[in-house]
Amino acid sequence: MTELLSGNDLCLLRGDRCLFQRLNFALNCGELLFVEGVNGSGKTSLLRGIAGLLDFESGYITWDGQKILDAYQGFRSDLVWLSHRVGFKGELNLLENLQFESALRSCSMEKTAAVIERLSLAPLTSLPFRYLSAGQQRRVALARMLLANARLWIMDEPFTYLDKAGQALVAELISEHLAGGGLCVAASHQAVDIAAPTQRVTLQ
Amino acid sequence: MSGQDRQLPGLMEGFIAIVRRDLLLAWKRPGDVLNPLFFFAMVASLFPLAAAPSPEQLMLNGPGVVWVAALLATLLSLNSLFLSDFEDGSLDQIILSPQPLPLLGLGKAAAHWLLSGLPLVLVSPLIAVSYRMPADIVGVMMLTLALGTVSLSLLGAIGAALTVGLNRGNALLSLLIMPLAMPVLIFGARTVSLAATGDPYAAGIYFLAAYCMLALTLAPFATAAALKISNE
């Protein structure tokens, strides 16, 4: 057992439909798990299961040799989650939203400023979050990934709403994260080109 | 990026962060705070107009009416406690944050009390005037309301967490919370009545304080468990 993240014999039912069964994967530092499949094939459910938000019918996820629910807080501090609902408050501006994130994760203000700089979000900082376009909101969500200093990134449809430059940015950030020894689990219905050791899971 | 140099975030930091965020949100959306308070003030101040206008009658009914109005106003504001977090995905992020979930649930309940319970306590002396309550009773009423609303916010957070994923969870929330809120209502109103008639009332205050402590220690864990279930 050298792998950092592994899924063992996973099975998930939704109603009377079996989304997947006997699903296994093992992921190590610097590797990407790419989940593909059509809409409704269970990509999001699989990701929620890996993050521990959803219980599998059978099977379990391990992180660092331990079942995640046995050491859930440690796992959570190593994890950051991105999904189509970005989880920022529409009434608060970008800076206030990020301040909350960094307080939860004990980041310094310098780091927050550096992340805003890196994603070129500076012109948007004083606007209420709900005034931003969907694409801009997704860019802000990327800021959380960088702030979190987590080894495992779980990203549900990281490319939606983003323009060409935004999609390239996401690919670049993922590559960088993997090159630095991080892990990434991403689900998407579109093919992407990321130069890193990639495992694929295709859901029917 | 290695796991060794990672510092676990401070607990107090996370607690303050979530309280601060909720207060900031309320500041930008003042209607959510003012509505329950307005409801409380309306019910409690309309009652003397509709009831028999004899001063003794008012003195007798006052504590009960104030307490029922306070309970209903709190229930009114509980429904939205986790709703917007659930809808915009913040709840996922809160559950997946490195902070312990009971602590963040406690933070949400604390912010709820600061925004609904505390204003109620502060407004209640004005209501007391319309029931011709003597000044020394007003202090007792404020103390019971303060202890009671803390318990209600904490217990209410459990119900709000359980019903957050449901459509029209409001009625269910009230039903779930009612049995737990009954002791608060009974002891709260009765303590004020006893004080008004000059009887010893300390036991009621002790009970409310004990109930409040019980809620403070147990409710955050129940809230956290309920949030995990509702968010599946």
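Trainee: With which strand does β3 (residues 32-37) of chain A pair, and over how many bridges?

Mentor: Two strands pair if DSSP finds at least two bridges between them. Strands are DSSP runs of E, at least two residues long, and helices are runs of H or I, at least four, numbered from the N terminus. Here β3(A) pairs with β9(A) in the parallel sense, over six bridges. L32(A) stands opposite T198(A) in β9(A). This is a predicted model: local features need pLDDT of at least 70, side-chain atom pairs count only at pLDDT 80 or more, and totals for chains, interfaces and linings use all residues. Residues are numbered from 1 along each chain as its sequence is written, with chains lettered from A and ligands numbered from 1 in the order in which they are written.

Trainee: What is the strand order of the open sheet in chain A?

Mentor: The order of the five strands is β6-β7-β8-β3-β9, with parallel pairing. The edge strands, β6 (79-82) and β9 (198-203), each pair on one side only.

Trainee: Where does α6(B) bend?

Mentor: The bend at a residue is the angle between axes fitted to the seven residues ending there and the seven starting there. Helix α6(B), residues 101-130, bends by about 40 degrees at W113(B). Just after α6(B), R132(B) takes a positive phi of about 55 degrees.

Trainee: How many residues does each chain give to the contact?

Mentor: Two residues are in contact if their C-beta atoms, placed from the backbone, lie within 7 Å. Chain B gives 28 residues and chain A gives 28 residues. On the side of chain B that touches chain A, α1(B) supplies the largest share, seven residues.
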